Amino acid sequence: MTRDPKPHQTLNSLWTREQLLVAFTLYSQLPFGQMHSKNATIQHYANLIGRTPSALAMKLVNIASLDPFITNSGRTGLTGASKADRQLWEEMNQDPDKFERKCQSVMAMFEPPTPERKEEKLVDFTGQEKIRPVKTRIGQQLFRKRVLEAYDNRCCITGLEDPILLIASHIRPWTKDASYRLDPRNGLCLSNLHDRAFDQGLITLNENLELVLSVHLKNLKSVSVQDNFLKYEGVRIRHADQFSPSQEHLAFHREHIFIDNL
């Protein structure tokens, strides 16, 4: 007999720590505007943890009230965040890696195992909606959500607007200082190509937030380099004043990562 991972919950029962960790995992990924009971992902995980979709959606919006990125942008969420919600928020901020491991463990507990494939089945062309398991990279998912929203889901250099092609790039690398990992002011929204160039120190930004190219890039002659880099040299990036990149982090990038200064 298979163990049921979702015991019955009464309307007034307190949220367990495990249920809250699932909620925090979802919060790290879902945009603010998708935190509602009609969302298929919320419905799926609400069923797994034994809560109603409305209750889970409400919990996510309560968690949003603890997020300075949300509150500083003028949105408030709900005001019913519990003491347990606040404690978990502090845990996440103090040690994102440890918090992520806890979430991974809990998500694995609730997510039913994939049945073994015994025989080949006919291909289904009906196009039915499927629920994909939520990735539990809590810190990176939350950072990505904040940075892409801060830059209006556009590459800050080229204006490319497809989230599939965008990266939330850390200015000061993730491994250098944990205290800046979730700070959107330590991030840039970049295309895959420009993220790679920034990460490898081929480009940087000056104090005026203008694109600076390395000598290595300037010496390349292809049309691709002209279209993707040279035409943007000296151009000020797109950014929101409220979450503009930190000058301290940019100075770190220029000094320690930009190859012309190494």
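Mentor: Take Thr 204: apart from neighbours within four places in sequence, its contacts are Phe 198, Glu 210, Leu 211, Val 212, His 253, Arg 254 and Phe 258, contact being heavy atoms within 4.5 Å. This is a predicted model, where local features need pLDDT of at least 70, side-chain atom pairs count only at pLDDT 80 or more, and totals for chains, interfaces and linings use all residues. Residues are numbered from 1 along each chain as its sequence is written, and side-chain values use heavy atoms, with hydrogens and water left out.

Trainee: Is Thr 204 buried or exposed?
Mentor: Thr 204 is buried, at a relative accessible area of 1%; the cut-off for buried is under 20%, with a 1.4 Å probe and protein chains only.

Trainee: What does the side chain of Thr 204 make a polar contact with?
Mentor: The side chain of His 253, at 2.9 Å. A polar contact here is a pair of N or O atoms within 3.5 Å, one able to donate a hydrogen and the other to accept it; residues adjacent in sequence count only if both atoms are side-chain atoms.

Trainee: Which strand is Thr 204 in?
Mentor: Strand S3, residues 203–205. Strands are DSSP runs of E, at least two residues, and helices are runs of H or I, at least four, numbered from the N terminus.

Trainee: Switching topic, which helix gives the most to the lining of the largest cavity?
Mentor: H7, with 3 residues. Helix H4 (68–71) and helix H7 (138–150) each supply at least two.

Definitions and conventions. Buried means under 20% relative accessible area, exposed over 50%, partly exposed in between (1.4 Å probe, protein chains only).
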